[in-house]
Amino acid sequence: MKQKTIRILALLVTFALAAASLAGCASGKTGKAAVDPIDDNCRVIYQIFVGSFSDSDGDGTGDLRGIINRMDYLNDGDINGGNDLGVQLLWLSPVFQSPSYHKYDTIDYYTIDPKFGDEAAMKELLELCHARNVKVILDIALNHSSSSCVWFQKFVGAHNNGDTSNEYYDWYSWADADHRRNGCSYAKLGTTGTQFYECNFDTGMPELNYDNPKVREEMEKVCRYWLDLGVDGFRFDAVKYIYFGEAARNVAFWKDFLKGMKESYPDMYTVGECWSGNSEILQYYDALNCFDFSVATADGMIANAAKGKANQINVFTKYVTSVNAKIREKRDDAFFVPFIANHDMDRAAGYLTVSAGSAFMGANLLLLSPGSPVIYYGEEIAMKGSRGSSNTDANRRLAMLWGDGDTVRDPQGTSFDSSKQVNGTVQDQLADEASILNHYAKVISIRGRYPAIGRGTYAAIDFGDKFCGGFDITYGDERIAVIHNTGNAETTVDLGKYGAYGFSEILETVGPGEAKTGGASNPHELTVGPYTSVILK
Ligand SMILES: [Ca+2]
Ligand SMILES: [Ca+2]
Ligand SMILES: [Ca+2]
């Protein structure tokens with residue numbers, strides 16, 4: 001009951017804020033107000049690698065107060081304007097106590113790592129975000145803890161002593177030498193000599209045993225602890241590793257695990273990391289939303305199309321149309337989650353460039369898509385970072401380039417040549433109207449003005465052009481077309497050839513080029529500049 005009252009109060013406050021901000025801003029460029037994304041499934045997600053984002057206390061490590069200090073950059077609370085990026089949901093990389101810089105190996109799931117702050121700072125961040133209608137989800141690795149976690153130490157102690165009645169004896173996944181499962185990685189369990197614990201990522205990341213109901217109960221308690229504090233949901237790490245190689249069992253686990261929580265928190269956001277092909281990902285959608293790995297990385301569908309590879313725009317639009325429809329059939333609250341890169345991938349600016357224009361098209365393809373697209377921090381300023389020959393993931397998680405004296409430093413072990421950062425800092429780009437940062441902010445604000453983009457039903461528009469294609473999108477009585485010219489030259493397509501519906505009026509032009517409709521010989525012609533997209537009605 002208490003939860004319900006709080007939720008209703010929060011809604012009332014949100015509506016009051018939304019009404020106030022709408023009333024205060026009739027001066028949007030098109031006069032069309034942005035749509036409040038509350039309780040829908042189309043928020044723009046911003047992934048923050050907390051230790052590399054913004055440092056509030058001069059120790060070089062990014063922290064929660066650093067994020068609080070940067071809220072006016074992320075979202076100033078005015079959905080119709082301002083000098084902000086306008087993202088609507090923050091995904092924080094793991095914040096729980098952990099020995100590593102990346103913190104995917106948890107020591108204590110109930111404690112904020114002291115390098116990042118404390119629970120009071122988390123509460124303050126949540127309150128600030130919620131007052132601006134920004135949601136916050138926490139990244140949580142349930143599959144494995146740190147080997148320094150007290151649970152693991154008790155588990156090892158119980159095995160060393162042969163104490164089979166100890167409640168931690170079956171807390172982690174373990175096997176005798178002869179019963180180790182094919183394909184799984186194991187390490188020696190304590191001093192037993194004959195027993196091994198499962199550790200598919202690292203020997204320092206022992207895997208919890210989800211056949212043990214006590215482990216399930218404890219982990220639900222962990223999630224509820226943070227939901228009760230005010231977090232809006234979770235990014236679940238490594239969802240397909242709960243039971244290694246057993247998709248059906250994993251999907252059943254996630255359904256069961258989330259059921260009670262979703263009853264208490266119906267608007268809870270879930271995004272799972274199922275690093276797989278689309279057919280396996282769709283199975284997991286029975287339980288939770290998942291990132292779409294087919295559109296990500298240097299040779300994913302967004303990059304292929306954005307780089308202007310022949311016919312790839314039509315591959316992309318057909319895929320998005322099909323996968324979005326399949327996802328919508330799964331659950332009422334299911335949504336597509338496209339992204340270009342994350343903390344485990346080389347940064348997009350290594351293959352989508354500002355100078356050639358493909359970075360602008362990458363943003364358009366990502367953000368003018370259905371569902372909840374994800375921006376990896378720094379992607380909006382075309383920050384670079386790749387593993388390189390030193391083969392370290394830390395290079396993909398470099399300190400955000402604020403350019404204003406922020407004391408945040410690169411994680412330990414990085415080797416990226418900073419002279420390759422040719423696109424400037426946040427400070428530089430805020431001052432340059434043509435910057436990639438201002439482009440991201442513009443596309444996000446356009447997305448907010450056309451609810452059909454995030455929520456609509458998509459149909460691919462294939463002009464038979466190698467570089468120019470798009471979508472016919474319907475949502476309620478709104479019907480628009482989003483057309484992308486991914487090529488490096490201006491192109492003209494015939495809208496009249498496409499179906500009976502006559503798109504003729506350009507509502508928005510998004511990108512470095514220009515656009516116009518109507519030619520001397522054919523009134524249905526659409527001409528679009530390179531790396532530029534248009535929205536038509
Ligand atoms: Ca710090
Ligand atoms: Ca704003
Ligand atoms: Ca596991």
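Ser145 sits in the loop that runs between S5 and H5. Keep in mind that this is a predicted model.

**Exercise 1.** Work out whether Ser145 is buried or exposed, and find which side chain it pairs with in a polar contact.

*Solution.* 
- Start with accessibility. The cut-off for buried is under 20% relative accessible area. Ser145 comes out at 0%, so it is buried.
- Next, look for polar partners. The side chain of Ser145 meets that of Tyr172 in a polar contact of 2.7 Å.
- Then list the surroundings, skipping neighbours within four places in sequence. Ser145 touches Asp105, Thr106, Tyr109, Tyr172, Gly204, Met205, Pro206 and Leu208.

**Exercise 2.** Which residues donate to the calcium ion (ligand 3), and which parts of the chain do Asn143 and Tyr241 tie together?

*Solution.* 
- Collect the protein donors: Asn143 (OD1), Glu207 (OE), Tyr241 (O) and Ile242 (O), at 2.2 to 2.8 Å from the ion.
- Write the spacing in sequence, and you get N-x63-E-x33-Y-I.
- Asn143 belongs to the loop between strand S5 (135-140) and helix H5 (150-160), while Tyr241 belongs to the loop between strand S9 (233-236) and helix H7 (247-264), so the pair links parts 98 residues apart in sequence.
- Finish with accessibility. Asn143 is buried at 1%, whereas Tyr241, at 23%, is partly exposed.

**Exercise 3.** Write out the donor spacing for the calcium ion (ligand 1) and for the calcium ion (ligand 2).

*Solution.* 
- Take ligand 1. Its protein donors are Asp55 (OD), Asp57 (OD), Asp59 (OD), Thr61 (O) and Asp63 (OD), and they lie 2.2 to 2.4 Å from the calcium ion. Along the chain that reads D-x1-D-x1-D-x1-T-x1-D.
- Check two of those residues for accessibility. Asp59 is partly exposed at 28%, and Thr61 is buried at 17%.
- Now ligand 2. Asp76 (OD), Asp78 (O), Gly81 (O), Asp84 (OD) and Asp84 (OD) coordinate this calcium ion at 2.3 to 2.6 Å. The spacing is D-x1-D-x2-G-x2-D.
- Asp78 has 26% and is partly exposed, but Asp84 has 11% and is buried.

**Exercise 4.** Classify the crossing of helices H4 and H6, then say what kinds of residue make the contact.

*Solution.* 
- Get the geometry. The axes of helix H4 (residues 119-131) and helix H6 (residues 213-229) come within 10 Å, crossing at roughly 55°.
- Apply the cut-offs. Under 35 degrees would be roughly parallel and 65 to 115 roughly perpendicular; H4 and H6 are therefore oblique to each other.
- Name the residues. H4 brings Glu119, Met122, Lys123 and Leu126, and H6 brings Tyr225, Trp226 and Leu229.
- Sort them by type: 5 nonpolar, no polar and 2 charged.

**Exercise 5.** Where is Ser390, and how far apart are the C-alpha atoms of Ser390 and Ser185?

*Solution.* 
- Locate the residue. Ser390 is in the loop between strand S11 (374-376) and helix H12 (426-430).
- At 38%, Ser390 is partly exposed.
- Close with contacts. Neighbours within four places aside, Ser390 contacts Asn395 and Ser415, and its side chain makes a polar contact of 2.4 Å with the side chain of Ser415.

Technical notes: Residues numbered from 1 in each chain as written. Chains lettered and ligands numbered in written order. Predicted model: local features only at pLDDT ≥ 70, side-chain atom pairs only at ≥ 80, totals over all residues. Heavy atoms only, no water. Donors = N, O, S within 2.8 Å, 3.2 Å for Na, K, Ca; no water. Buried < 20%, exposed > 50% of the residue type's maximum accessible area, 1.4 Å probe, protein only. Axes fitted to C-alpha atoms, helices over the stretch in contact; angles between N-to-C directions. Helix = DSSP H or I, 4+ residues; strand = E, 2+ residues; numbered from the N terminus. Parallel < 35°, antiparallel > 145°, perpendicular 65-115°, else oblique. Contact = heavy atoms within 4.5 Å. Nonpolar A, V, L, I, M, F, W, Y, C, P; charged D, E, K, R; others polar. Polar contact = N/O pair within 3.5 Å; in protein donor to acceptor, adjacent residues only side chain to side chain.
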